[in-house]
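Here are a few worked exercises on charged side chains and helix packing. Grab your viewer and try each task before reading its solution.

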Amino acid sequence: MKKKIIMIGPVYPYKGGISHYTGLMYRELVKHNDVEMLTYKMQYPKILFHKEQRDYSNDSFKIDGASYMLHTANPFNIIRTARYIRHQRPDMVLIQWWHPYFAPCYFLLERFIGKQNLVFVCHNVFPHERFPMDKLLTRLALKHGKHYIVHAKEEGKELEKIKERADYTVTPHPTYNAFRFEGLSKEQARDRLDIEYDKKVLLFFGYVREYKGLKYLLQALPRIVRNLDGQVQLWVVGEFGADREEYTELINGLEIGDYVNVVDSYTPDREVEQYFAAADLVVLPYVSATQSGIVQIAYGFIKPVIVTNVGGLPDVVEDGKTGYVVEPEKPEEIAEAVCRFYEEDVERRLIENIEKAAQRFSWERMGEVIERFYE
């Protein structure tokens, strides 16, 4: 008999990697289970999140039958939702967790759903950008969980800080392979972006935040340009915050404007492919991290990566085999890794290793992990 699962988290049309993640997890679990997707009627209040939260331009991640039920800031709605869940008598309630904003909502939800097999998928136990009270709020929300999934050993240790002997499983972040809508070759993608075929192309992708360390990649670029005879382009694709001008000044100060292409905007799902397909190497120069969906998008396009030795990133990148691991805040190490990649001509070997590691990062494996929590 199929088990009844109620999933809670963002899905289409909400933007972002966690929305994509939830949608792909649903598609895997529904193969063998009776899954109901319960998502947000309102995710963030506009006063806290000023940018558009939804993107209707591509419905490839749409979940048919998803219930847009939960208003995260309305206690009466949260209680009604909890009573609905309790009435369904699920075998598991599976909640996506990534930020303490949701703590009051989930705490109230937990109080009214009664005793449940409550499982949290922790994308981050604590937020990337810490703030006062975040530990207290996180404990408030997560303490009633029965099981937890984390994507890095470090996150398991963070979880134990708020719940001793927490029952958690560390499993790699699965690969995002759902962005390959057209099957673009590198040449086709470069035609579309007007990139010369003989250029060496690096990609930094995703929201630009201080903890993602873009400035260290920019500081590495002059050395990369010199060593590769100027035949390199860095594409920075992602929304900037209020600090865009600081990065512009850094680019101008380093005199690398001719080698940097900035696309300062949210990237709709169907436009993701062209950037990854055109790139040789994806670079994540993070200062801090738990894990990153960007690595798994890169692997979905069979692209090698450079990551820093922070959080769970070294757990998913085999140094010298599927990419390179360098120390954070070290522009010279980033430059050395990039130059080594091109000078040793190892792209084909790294691609083969990524293909061999595919099962380790499969959604099927994630489904098996979740199904063990029924016992």
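**Exercise 1.** Work out how far apart K161 and E158 are in helix α5, and find the distance between their closest N and O atoms.

*Solution.* Start with the sequence: K161 and E158 are 3 residues apart in helix α5 (residues 153–162), so about one helical turn separates them. Helices here are DSSP runs of H or I with at least four residues, strands are E runs of at least two, and both are numbered from the N terminus. Next, the distance: the closest N and O atoms of K161 and E158 are 2.7 Å apart, and the pair forms a salt bridge. That term asks for a side-chain nitrogen of Lys or Arg within 4 Å of a carboxyl oxygen of Asp or Glu. Finally, E158 has a relative accessible area of 18% and is buried; the cut-offs are under 20% for buried, over 50% for exposed and partly exposed in between (1.4 Å probe, protein chains only).

Before going on, a word on the model: it's predicted, so local features need pLDDT of at least 70 and side-chain atom pairs pLDDT 80 or more, while totals for chains, interfaces and linings use all residues. Residues are numbered from 1 along each chain as its sequence is written, and side-chain values use heavy atoms, leaving out hydrogens and water.

**Exercise 2.** Which parts does the R190 and D280 pair tie together?

*Solution.* First check the pair: the side chains of R190 and D280 form a salt bridge at 3.1 Å, N to O. Then place the partners: R190 sits in helix α6 (residues 186–193) and D280 in the loop between α9 (269–278) and β11 (281–284), so the pair joins parts 90 residues apart in sequence. Both R190 and D280 are buried. Now widen the view: K186, R190, D280 and E347 are linked in a salt-bridge network.

**Exercise 3.** Is E28 buried or exposed, and what about its partner K31?

*Solution.* The side chains of E28 and K31 meet in a salt bridge, 3.0 Å from N to O. E28 counts as buried because its relative accessibility is 7%. K31, at 48%, is partly exposed.

**Exercise 4.** Find the nearest side chain of opposite charge to E110.

*Solution.* Locate E110 in helix α3 (residues 103–113). For charge, Lys and Arg count as positive, Asp and Glu as negative, and His and the chain ends aren't counted. Last, list the surroundings: leaving aside neighbours within four places in sequence, E110 is in contact (heavy atoms within 4.5 Å) with L118, F120, L140, A141 and H144.
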